[in-house]
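Here is a walk through the aromatic rings of one protein model. Keep the structure open as you read.

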Amino acid sequence: MKVLFMLQLVCLAGCSTSRGREWAHHGAPMFSDLSVQEMKVIRAYMHGIPEMKLTDARSKTLRRNSILLMELHLPKKHEALKALDRGWAKPPRQARVIIQFGNQTKPNITEYIVGPLPSPRSHKVRTFKGEKSVQFESRPITIVEYDHLENLLKKIAAQAHKLLFETTGGFSYTNCSNRCLTFSDIAPRGLAPGERRTWIMLQKFVEGYFIHPIGFEVLVNHQDLDPDKWTVEKVWYNSMYFDSVEELVEKYKSGEVEKLKLPDHNDEDLYSTYIPRGHSHTPTNIHGPKLVEPQGHRYYIDRNFVEYAGWSFAYRVRSSAGLQVFDLRYNGERIAYEISLQEAIAFYAGDTPAAMQTKYIDAGWAMGTSTYELAPGIDCPEIATFIDLYHYFDTDKPLLHKNALCIFEMTTAMPLRRHFNSNFQGGYNFFGGLENTVLVLRTTSTVYNYDYIWDFLFYPNGVVEVKVSATGYIHATFFTPNGLHYGTKVYDYVLGNLHTHLIHYKVDLDIAGRENSFETIDLKYVNFTNPWSPKDSIVQSKLHRTEHKTERSAAFRFGKKFPRYVHFFNPNEKNKWGHQKGYRIQFNSHAHSVLPKGWKEEVGISWSR
């Protein structure tokens with residue numbers, strides 16, 4: 001009977017683990033991005049509503065109603081958990097659809113929740129806290145609006161052709177062959193709500209044009225939905241401001257403006273190219289190290305469900321924000337319901353008008369949709385699994401982003417643990433070591449000049465790491481002597497501007513259940529009488545725990561001392577040594593606040609406090 005009872009316990013444990021894995025697998029599709037077919041039926045459904053009067057997103061007029069973005073609308077957490085923890089039916093899939101209503105008396109941006117999928121039958125307006133609406137002037141810029149800006153810039157460049165040609169040594173905006181000019185636009189588009197006026201700087205259109213500013217910037221007011229009514233409000237050239245292009249050109253002709261003459265370059269020695277230059281002592285005609293999998297992958301993928309070394313999770317790449325992970329489990333036990341990228345910002349300082357106005361909030365540029373194709377052997381190892389993504393932003397059909405996400409296992413070239421047990425006689429009693437491998441989930445976002453590399457890393461010892469690496473090109477502006485207060489000279493007439501990157505992640509931990517608590521742990525010195533030598537004292541560190549019971553108490557502002565340890569735990573669940581089950585969050589950033597609290601643009605990124 002005793003043996004039978006033990007067998008029953010083993011069966012119950014095994015069955016429970018198997019069932020949990022089955023439920024996790026069953027629930028993963030709740031978090032998968034919209035499929036191509038779902039996007040198509042959503043578009044057909046919305047275009048079939050007569051009162052919306054929807055037209056194509058790429059129609060040339062700005063006075064139109066069109067779909068700007070569609071992406072998955074996540075289910076409510078308590079409904080999702082019924083599927084994940086009990087195997088219940090999944091809640092109906094829904095989509096979040098953003099529509100620009102430009103063809104009406106009061107243009108606006110409206111969000112809808114559309115469902116159920118795959119056969120939508122209803123839509124409702126998604127409201128926000130305080131019933132606030134998004135001002136139409138605050139909408140993201142679209143390809144059609146860029147086309148109209150391009151037309152205006154052609155007119156501006158034609159007026160200032162002689163100045164631009166002489167400044168750049170033969171570059172022009174039109175009829176230019178291989179010596180063309182291009183532009184970068186700056187955000188935010190105004191200094192107050194309701195404005196839509198953008199500083200635009202011209203650059204040489206060569207490889208790496210981001211670091212080829214020419215010292216010509218214009219402020220364009222493009223608030224009106226009729227592009228013929230757009231105006232130039234200011235012009236900046238060679239550290240001087242002008243009220244119009246005509247004023248600059250006239251003063252340039254008369255000699256009132258000092259003429260710039262930028263140094264020329266040749267294509268063979270272009271400082272911004274990615275072609276390696278200089279001499280290397282490392283042979284380049286033989287391959288460097290490569291990752292290999294002698295017996296194939298050790299991870300399992302089924303659509304958006306992944307398993308590896310005790311880990312399981314579901315993933316998505318949200319069109320507006322980017323890479324996100326859900327239902328993260330280790331050895332069958334949920335660690336986090338969600339760890340997700342939410343936002344990235346880059347706030348700049350500088351001396352030129354474009355530099356001092358640059359405060360990029362990247363989700364406003366649909367950061368998640370800039371997940372372009374990954375190069376095997378560079379972006380990810382050749383052995384990686386590459387996965388296609390589809391997005392629907394500023395388009396009339398789903399757009400394929402081929403091989404835009406990769407999953408691979410790699411060695412860290414560092415043992416997970418090891419010990420050489422010396423016998424102190426020139427030999428050893430034993431050696432023990434474990435190699436450390438890690439599963440990497442990776443995608444990138446190329447938001448204009450910057451390339452963000454987004455990684456989720458899953459270690460075999462239960463550690464999960466979330467990491468971002470920034471590469472690409474710096475956002476550079478034209479060098480002025482005063483610019484040295486705001487950056488560093490990186491080339492002739494090029495300033496690398498001071499700026500701060502902040503990344504916003506949502507981390508929803510569910511450790512051994514949802515009843516979690518939060519504490520910080522610091523070290524404090526204690527001084528007490530030595531119990532085995534009373535005439536002496538002992539000074540040593542002691543753990544000092546502070547439990548935080550409110551959100552306000554648990555919020556740590558930039559600029560204040562950050563606790564040594566940040567610990568989430570379940571007060572009702574203990575391990576076999578009597579410790580409450582928990583996870584530490586390790587915070588490695590040295591970033592600081594980017595603007596004073598409450599200052600204009602800072603209100604839009606209150607999370608950064």
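The charged end of Lys259 sits 4.7 Å from the ring centre of Tyr252, over the ring. This is a predicted model. Arg86 is placed over a ring too: it lies over the face of Trp88, 5.0 Å from the ring centre.

Now turn to rings that meet rings. A pair of aromatic rings is described by the distance of the centres and the angle of the planes. The whole structure holds 26 aromatic pairs. One of them joins Tyr348 and Tyr360. Tyr348 belongs to strand β14 (residues 333–348) and Tyr360 to strand β15 (residues 359–361), so the pair ties together parts 12 residues apart in sequence. Tyr348 is buried, at 7% relative accessible area. Tyr360 is buried as well, at 7%.

Phe518 and Phe568 form a tilted pair, with 4.7 Å between centres and 35° between planes. This pair links distant parts of the chain. Phe518 is in strand β27 (residues 517–529), Phe568 is in strand β29 (residues 565–574), and the two are 50 residues apart. Phe518 is buried, with 9% relative accessible area. Phe568 is partly exposed, at 23%.

Rings can also join up in a group. Ring pairs link Phe205, Tyr209, Phe210, Tyr274 and Tyr473 into a cluster.

Beyond its neighbours within four places in sequence, Tyr428 contacts Phe420, Asn421, Ser422 and Asn423. Glu258 is 170 residues from Tyr428 in sequence and 78 Å away in space, C-alpha to C-alpha.

Technical notes:
Residues are numbered from 1 along each chain as its sequence is written. This is a predicted model: local features need pLDDT of at least 70, side-chain atom pairs count only at pLDDT 80 or more; totals for chains, interfaces and linings use all residues. Side-chain values use heavy atoms; hydrogens and water are left out. Contact means heavy atoms within 4.5 Å. Rings of Phe, Tyr and Trp (its six-membered ring) pair if their centres lie within 6.5 Å; planes under 30 degrees apart count as stacked, over 60 as edge-to-face and the rest as tilted. Helices (H or I, at least four residues) and strands (E, at least two) are DSSP runs, numbered from the N terminus. Buried means under 20% relative accessible area, exposed over 50%, partly exposed in between (1.4 Å probe, protein chains only). A charge sits over a ring if NZ of Lys or CZ of Arg is within 6 Å of the ring centre and within 35 degrees of the ring normal.
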